[in-house]
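Hello! Here is the structure I promised to hand over to you. Have a look at it first, and then read on for what turned up in it.

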Amino acid sequence: MINLQETHNNPPSAMRGFIKTVLLIFTMDVTSGQISIQPIPQYPVINGSVTLSLSGINEILDSVTWYKGQDSFPWLFIVKYSPRSSTIFPGKQHNDRISVFNNGSLRIKDLQITDEGRYTAEIYREKSLEKVKGILTIYEFGNVCEDSTGHIYGLAFGSILGILLIIVISVYLYRKCLTKRRNGSTKNGEEKIHDYQNNMAAEPREDPSYMGLESNTEDIYTELKH
């Protein structure tokens, strides 16, 4: 956007014409900005209709000029429309199949393959000229069906692949958790056996010589008694 401030309160007509020319020469390409050209429908077909909609515009424009090409050459001029006065100025590329909406969007009906290609819109508002570009692709009905079918197959394949991936991850985590539990149980069992063996080894054992001495004493006592 270029803002020019007048240095005099009442500049001469030549100066006003120069300022207007400068405003028209210094344009801003906002193809990647807020304003864009969007075809409606997204997949226009031969003999159908399409609207090259200007999205991102919320105010009434001073004028919109459309060109059939990637630049604003005079021989590519389609139509100029002034929403404030509802006036239309057709160009060399204009025909009866083309019309313009009040918001500046371009309407083409009875589409032909020759309508395919690049389009440029020059938008004049608030003392600025903004240029946006877009590409119109025209499909045959069969190609649109094939393209839609391809999208459906792609979504279905992606969904199945995602489900299989979830199953594989779930099985892996389950097996890992089960193995961890088994290893923990085995380790606990080994620790219990080891503790039992240690306890058995620590228990006091009776002396065999003492057992023999006790048995002999009982035998002698029995003989004396008789």
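**A salt bridge to begin with**

Glutamate 130 and arginine 125 meet through their side chains in a salt bridge, at 3.0 Å from N to O. A salt bridge here is a side-chain nitrogen of Lys or Arg within 4 Å of a carboxyl oxygen of Asp or Glu. Glutamate 130 and arginine 125 are both buried, where buried means under 20% relative accessible area, exposed means over 50%, and partly exposed is in between (1.4 Å probe, protein chains only). Glu59 joins in as well: Glu59, Arg125 and Glu130 are linked in a network of salt bridges.

Before we go further, please keep in mind that this is a predicted model, in which local features need pLDDT of at least 70, side-chain atom pairs count only at pLDDT 80 or more, and totals for chains, interfaces and linings use all residues. Residues are numbered from 1 along each chain as its sequence is written, and side-chain values use heavy atoms, with hydrogens and water left out.

**The other salt bridges**

How many salt bridges does a search of the whole structure find? It finds 5. One of the salt bridges is formed by lysine 131 and aspartate 71, whose closest N and O atoms are 3.5 Å apart. Lysine 131 lies in strand 10 and aspartate 71 in the loop between strand 4 and strand 5, so this pair ties together parts that are 60 residues apart in sequence. Lysine 131 counts as buried, at 11% relative accessibility, while aspartate 71 counts as partly exposed, at 28%.

Aspartate 115 and arginine 97 also form a salt bridge through their side chains (2.8 Å, N to O). This pair links distant parts of the chain, 18 residues apart: aspartate 115 is in the loop between strand 8 and strand 9, and arginine 97 is in the loop between strand 6 (87-90) and strand 7. Aspartate 115 is buried at 8% relative accessibility, and arginine 97 is buried at 19%.

**The overall layout**

Stepping back, the protein has 3 helices and 10 strands. Both kinds of element are DSSP runs, numbered from the N terminus: helices are H or I with at least four residues, and strands are E with at least two. Along the sequence, the pattern reads α-β-β-β-β-β-β-β-β-β-β-α-α. The protein has 226 residues, and 25% of them count as buried.

**An open sheet**

In what order do the 4 strands of the open sheet stand? The order is 2-3-8-7, with antiparallel pairing; two strands pair if DSSP finds at least two bridges between them. Strand 2 (36-40) and strand 7 (98-100) are at the edges with a single partner strand each, so one side of each has no neighbour in the sheet.

Strand 3 (residues 50-55) pairs with strand 2 in the antiparallel sense over 5 bridges. Two partners to look for in strand 3 are leucine 54, the bridge partner of isoleucine 37, and leucine 52, the bridge partner of proline 39. Strand 3 is also joined to strand 8 (residues 106-108) by 3 bridges, and these two run antiparallel. Here, threonine 51 has arginine 107 of strand 8 as its bridge partner.

Is strand 3 mostly covered or uncovered? It is mostly covered, with 6 of its 6 residues buried. In a regular strand, side chains alternate between the two faces of the sheet. In strand 3, Val50, Leu52 and Leu54 point one way, Thr51, Ser53 and Ser55 point the other way, and all are buried.

**A hairpin**

Strand 5 and strand 6 pair in the antiparallel sense over 4 bridges, and valine 79 has proline 90 of strand 6 as its bridge partner. Their hairpin has 4 residues between the strands, and serine 86 takes a positive phi near 55° there.

**The nonpolar core**

The largest nonpolar core has 23 residues. Such a core is a set of buried Ala, Val, Leu, Ile, Met, Phe, Trp, Tyr and Cys residues joined through side-chain atoms within 4.5 Å. Leu54, Trp66, Leu106, Ile108 and Tyr119 have the most contacts inside this core. Among the strands that each supply at least two of its residues are strand 4 (63-67), strand 5 (77-82), strand 9 (117-125) and strand 10 (128-136).
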